[in-house]
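Welcome, and thanks for taking a look at this one with us. Please have the model open beside the text as you read.

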Amino acid sequence: MSNSTATQGASAAAQKAHAEIIEQCQRIYYDVRLEALAQWKKEDPSRTAVGFLPVYAPREIFVGAGVRPVAVFGGGDQVNVICGDSFYQSYICHLPRSVVELGLTSWKSALDGLVCPAICDVIRNVSGVWQVLFKDKLTYFLDLPQNFDSAVGGKFYRRQLEELAERLCQMSRTKFDQDRFAEALRSYNRNRRAVRALCNLRVDKPHWVPAWEFYLLMRAGDQMDADGHSEILLKYMDVVSELDRAEQDNARIMIVGGFCEQPPLNLIRTIERSGCYLVDDDFTLGARFLEADAAEDGDPLQALVDVYLRHSTYSSVKYEGDVPKSKQLVETARDRRADGVLLMSPSFCDPSLLDRPHFQRALEDAGIPYSTLQYAENLGQFGPIREQTGTFAEAIKLWGEG
Ligand code: SF4
C-alpha cells in the first residue's frame, strides 16, 4: 500500500469513527423524553433511575445507592409546553415549565425521582411542585454548602450526602454499597480527567473541537455511565487529531452565564458560525463542577465533601468565598487566552443576571472586551444574535474591542 493510500485510509476511518460518535451523542441529546431510559427500565423493572436538575449533583452517591443518575435540563426547543405553563407565572425562566411538562407527559416511566439542587428559588419551587404532582416518586431538595469551612459547611454537606444516600436507598430498596460507591468515585475521577483533557484541547486547538460537538459530547454524559462517557471522550480526542480541520481567523470567545437553562443547539452553532471559537463555556457545568479528583484513599464520602469544599468551580450559584467571582472570571479568561467574553444568560435567570454587573465591571477594568445577550431554551430566531456576535467577533479582530 502506498503512503498516500494509507493516509487516505486512516482519514476515512477517522471520519467514520467521528461521525459515529457524533451520531451517538445526538441520539442522546435529542431524547429529551428519556425514551431510551424508559426502555432500559422496562427490560428489568427492578432498575431505578433518578433525574437531577442543574447544576451539580454528586452522582457517585446515586451509584452507591444502586440508582442510575440522569442529568435533566428540560425540553430545550423540542417540547411544546402546554400544561407546564399553568404552574408558573410569566416572568420566570423557561426551564421549570418544560421540566413539569415532561414530568407530566413523558418522564413517568423513565424516572423514579428527581433531585433538585439548591441553586435558586425557582428550582426550590420545582421541587415543591414535583412533590405535589408525583407523590409516588422521590423528590429531594439537595442543599449544597455555602460555607467552605470543613467544620461548618463540610459537616453540613456530609450530613446532606448521608441523607440523600438514605432517601435513594429507600426508593431503590437496597443497602448503600460502599464498594460500589468507592468504585464510582474512581470512575467519575477518570471522567473528570477526560473532560479536563477535552477542555484543554479546546483551548489549544479550538478548530479541532467545534463548540456544538463539545456540547453534544458533554450532553451525552447525561445518561451514560462515567466510564462509557470517558471512553467516548478519549476516542473523540483521538479521531479529531486525524481530521485535518483547518484553523480560521476567528475570535476566541469565552461564554459565561448559561449554567442552568441550556441554549438550543442551533444557538451555539449560530455563535460559532458568526466567527467565534468558543474556548470555554459554562453550559452543562455539572460535569466540570469539581476541578480536581476526589481523593481515592481514605473515606470516599469525606473525599466527596472535601473536593467540593476545596475544588468546586466558581459559579453564580455558589457563595463566592475568599476570592471574588469576578476576579476568577478574569483569571479564567486570561488562562483560556480568550479575546473576549460573552455574558450570556437565560431570560429571568436571577443568579446569572445578578452577577452580570460585577462581571462587566471586572472585564472593563481588565480591558477584556465583552458583549451580553439573553436567550431561552426554546428560542427559534437566531438572525439578530448572529449579527450581534458576528459584529462582536469582527470588532475584536479589527480593534481588539467589543
Ligand atoms: S435558569 Fe436561572 S432562574 Fe431558572 S432555574 Fe436555572 S438558575 Fe434558576
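What follows is a short tour of the ligand shell, a pair of packed helices, another helix and a loop.

## About the model

This is a predicted model, in which local features need pLDDT of at least 70, side-chain atom pairs count only at pLDDT 80 or more, and totals for chains, interfaces and linings use all residues. Residues are numbered from 1 along each chain as its sequence is written.

## Around the ligand

The ligand is surrounded by 13 residues, and the closest are Cys 93, Cys 120, Cys 260, Glu 261 and Cys 349. A residue belongs here if its C-beta atom, placed from the backbone, lies within 6 Å of the molecule. By type, the shell holds ten nonpolar residues, one polar and two charged. In this scheme Ala, Val, Leu, Ile, Met, Phe, Trp, Tyr, Cys and Pro are nonpolar, Asp, Glu, Lys and Arg are charged, and the others, Gly among them, are polar.

Helices H5 (121-133) and H13 (350-366) each supply at least two residues of this shell, and H13 gives the most, with three. Helices (H or I, at least four residues) and strands (E, at least two) are DSSP runs, numbered from the N terminus.

## H4 against H5

Helix H4 (residues 95-105) packs on H5 at an angle of about 20°, with the axes 10 Å apart. Axes are lines fitted to C-alpha atoms, for helices over the stretch in contact, and angles run from 0 to 180 degrees between N-to-C directions. The angle makes H4 roughly parallel to H5, a label for angles under 35 degrees.

On the H4 side, Pro 96, Val 99, Val 100, Gly 103 and Leu 104 meet Val 122, Asn 125, Val 126, Val 129, Trp 130 and Leu 133 of H5; contact means C-beta atoms, placed from the backbone, within 7 Å. The residues of this contact divide into nine nonpolar, two polar and no charged. H4 is largely enclosed by the rest of the structure, because nine of its eleven residues are buried (20 or more other C-beta atoms within 10 Å of the residue's own, all placed from the backbone; exposed is 12 or fewer, and partly exposed is in between).

In helix H10 (residues 265-273), Leu 267, Ile 268, Thr 270, Ile 271 and Glu 272 are buried. The buried residues of H10 pack against helix H8 (211-220), strand E6 (276-280), strand E8 (370-375) and helix H14 (383-399). Just after H10, Gly 275 has a positive phi of about 110°.

Asp 322 sits in the loop between helix H11 (300-311) and helix H12 (325-335). Asp 322 has 5 other C-beta atoms within 10 Å, so it is exposed.

Methods. Parallel < 35°, antiparallel > 145°, perpendicular 65-115°, else oblique. Contact = placed C-beta atoms within 7 Å.
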